[in-house]
Amino acid sequence: MRGFRLFRPPALIHKALVAIVFIANGAAGAQSITMASTTSTEQSGLFGHLLPEFKKASGIDLKVVALGTGQALDMARRGDADVLFVHDQAAEEKFVAEGWGVKRYPVMYNDFILIGPKGDPAGTRGKDIVQALQKLAASNGSFVSRGDKSGTHAAELRYWKLAGADAAKGSGYKECGCGMGPALNIAASSNAYVLADRGTWLNFKNRADLAVLVEGDTKLFNQYGVMVVNPAKHPHVKSQEAQKFVDWVVSPAGQQVIANYRIGGEPLFFPNAEK
């Protein structure tokens, strides 16, 4: 019995090879990186405005995992992110000093604000965040803390310490272990006070009886930084693509995109990469 030979017309073979090469090239050309960032940058709507512009400029897809800053830094330490976009400068500088990040770049800022019931039962209204927290502690006012090791939570704890109430915040103090949006929702539903970043507040729709009570204190300055995860710690990190994002977001083009993001005509973030 003669062996059976499968006949493949040369034209079909050529088409199959072309398809294989096309698919391989497409897979190689599809670049994507993972960014660990804060809930405030994500829930403020900034990334929905910023990342499509980066994709246009670079062709790189950027997947955001929104966490508290502390969790984002831990994620990067595990090698599960390529780049960080966070807001706790002391923790960021420690991250770089320990070799987990290549270099920290300032990128933008806004400010923290104390939100609370419009009637302000604790009498916190003004420009002094330390005095406001002292009044909250003394009156056992209802206060929702993120309690999630985020940049906002770290800032809040610093303010409580300055107020001399870091160990005695009053019986109304509760931790939610949640992001900025959920914390604001809890405050709105329970008529409580909460420390928030201005960006998330401006994008927050479910305000109920809440209002801005304390703002303008220089202590409430909120700086954001961006860093590439160190490939010396995690060789699989896509450091070249991550650096392209860093270079773009601190460039005049990226800084202008940040400046252009507004809600109701009001800017949410102020670029300051060159300062």
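C176 counts as partly exposed, since its relative accessibility is 25%. This value, like those below, comes from a predicted model. C178, by contrast, is buried, with a relative accessible area of 14%; the cut-off for buried is under 20%.

**The disulfide**

C176 and C178 are joined by a disulfide, with 2.0 Å between their sulfur atoms. The angle about the S-S bond is -80°, and the link of C176 and C178 is left-handed. One disulfide is found when the whole structure is searched.

| Cysteine | Relative accessible area | Class |
|---|---|---|
| C176 | 25% | partly exposed |
| C178 | 14% | buried |

**The packing of α3 and α10**

Helix α3 covers residues 46–58 and helix α10 covers residues 239–249. The two helices pack with their axes 11 Å apart, at an angle of about 110°. Angles of 65 to 115 degrees count as roughly perpendicular, and α3 and α10 are therefore roughly perpendicular to each other. Their crossing is right-handed.

Which residues of α3 and α10 meet? From α3 the contact takes in L50, L51, E53, F54 and A57. On the α10 side, the residues are K244, F245, W248 and V249. By residue class, the contact of α3 with α10 has seven nonpolar residues, two charged ones and no polar ones.

Notes
Residues numbered from 1 in each chain as written. Predicted model: local features only at pLDDT ≥ 70, side-chain atom pairs only at ≥ 80, totals over all residues. Heavy atoms only, no water. Axes fitted to C-alpha atoms, helices over the stretch in contact; angles between N-to-C directions. Helix = DSSP H or I, 4+ residues; strand = E, 2+ residues; numbered from the N terminus. Parallel < 35°, antiparallel > 145°, perpendicular 65-115°, else oblique. Left-handed = near helix turned anticlockwise from the far one by under 90°. Contact = heavy atoms within 4.5 Å. Nonpolar A, V, L, I, M, F, W, Y, C, P; charged D, E, K, R; others polar. Disulfide = S-S within 2.5 Å. Buried < 20%, exposed > 50% of the residue type's maximum accessible area, 1.4 Å probe, protein only.
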